[in-house]
Amino acid sequence: DSGVTQTPKHLITATGQRVTLRCSPRSGDLSVYWYQQSLDQGLQFLIQYYNGEERAKGNILERFSAQQFPDLHSELNLSSLELGDSALYFCASSEGDIRGYTFGSGTRLTVV
Amino acid sequence: GIQVEQSPPDLILQEGANSTLRCNFSDSVNNLQWFHQNPWGQLINLFYIPSGTKQNGRLSATTVATERYSLLYISSSQTTDSGVYFCAVLVTIRAGGGADGLTFGKGTHLIIQP
């Protein structure tokens, strides 16, 4: 167990729907990162939150949004889902130093 | 943005063999990490190695930042070493806490046969 908890592990939904992925960081970690892993794009950085505030954005679509709550857990919201959004979505956390970068086990999203 | 290239893309070895995986990056980086993604999809942090050499059991890594490459060595391979090995780099670190997102290479897919 890496200490980073992601739920759900698997999610199957239809095109056009909206889903929410949840991440609880390791105890003490203030930064949460979201990544998407797909066959054609590989592992891509989506967005980072640090202590409740957005810190950096990567290749995140406008249909996607995220937030980090006061208890430091984070949610990634994916809306108007398309077949191409099917992927493995990872959350990672760090204390603020890259050396503490730890990934959760991921949420496998399948859009049908 | 920064480019990260890993080689070879695929590697098939017999148990007990040694291997060297390479990561080239196109610009100066603040940090570099190696990850192993096992067949179940879990990403495991192997090394944080922006420069120098580190060893952890049968695995070791060397980064030569001035020449923009890093090497991951696996000795006496075991079937449990199978999976994809990713190199990931960080270009900027923000003042006040938190790091920007990592840029990943496409990985080396390693298969260790018994």
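A polar contact is a pair of N or O atoms within 3.5 Å; within protein, one atom must be able to donate a hydrogen and the other to accept it, and residues adjacent in sequence count only if both atoms are side-chain atoms. The views below come from a predicted model, in which local features need pLDDT of at least 70, side-chain atom pairs count only at pLDDT 80 or more, and totals for chains, interfaces and linings use all residues. Residues are numbered from 1 along each chain as its sequence is written, chains are lettered from A and ligands numbered from 1 in the order in which they are written, and side-chain values use heavy atoms, with hydrogens and water left out.

**View 1. Ser31(A) sits in strand β4 of chain A.** Helices (H or I, at least four residues) and strands (E, at least two) are DSSP runs, numbered from the N terminus. Is Ser31(A) buried or exposed? Ser31(A) is buried, with a relative accessible area of 0%; buried means under 20% relative accessible area, exposed over 50%, and partly exposed in between (1.4 Å probe, protein chains only). Look for the polar contact between the side chains of Ser31(A) and Gln48(A), at 3.3 Å. Gly104(A) is 73 residues away from Ser31(A) along the chain, and their C-alpha atoms are separated by 13 Å.

**View 2. Strand β5(A) takes part in two hairpins, one with β4(A) and one with β6(A).** Two strands pair if DSSP finds at least two bridges between them. Eight bridges link β4(A) and β5(A) in the antiparallel sense, and Ser38(A) stands opposite Gly42(A) of β5(A). Three residues lie between these two strands. Two residues separate β5(A) from β6(A), and Asn51(A) in the turn has a positive phi of about 50 degrees. Eight of the nine residues of β5(A) are buried, so this strand is mostly covered.

**View 3. Thr107(A) belongs to strand β11 (residues 107-111) of chain A.** Thr107(A) is buried, and its relative accessible area is 0%. A polar atom of its side chain lies 2.5 Å from the backbone oxygen of Pro8(A). Which residues does Thr107(A) touch, leaving aside its neighbours within four places in sequence? Its contacts (heavy atoms within 4.5 Å) include Gln6(A), Pro8(A), Leu21(A) and Tyr89(A).

**View 4. Ser80(A) has a positive phi, near 45 degrees, and Arg68(B) has one near 60 degrees.** Ser80(A) lies in the loop between β8 and β9 of chain A and is partly exposed at 42% relative accessibility. Arg68(B) is in the loop between β7 (59-64) and β8 of chain B, and with 34% relative accessibility Arg68(B) also counts as partly exposed.

**View 5. Five strands of chain B make an open sheet in the order β1-β3-β8-β7-β6, with antiparallel pairing.** Its edge strands, β1 (4-7) and β6 (52-56), each pair on one side only. Further in, six bridges join β3(B) (residues 19-25) to β8(B) (residues 69-74), and Ser19(B) has Ile74(B) as its bridge partner.

**View 6. The largest pocket has a volume of about 960 Å³.** On a 1 Å grid over the protein atoms alone, a pocket is an open set of points where a 1.4 Å probe fits, with protein on both sides within 12 Å along at least five of seven lines; lining residues have an atom within 4 Å of a point. Grid points are joined across faces, edges and corners, and the volume is the space filled by probe spheres set on the points. Of the 41 lining residues, the closest to the centre are Gln41(A), Gly42(A), Leu43(A), Gln44(A) and Gly105(B).
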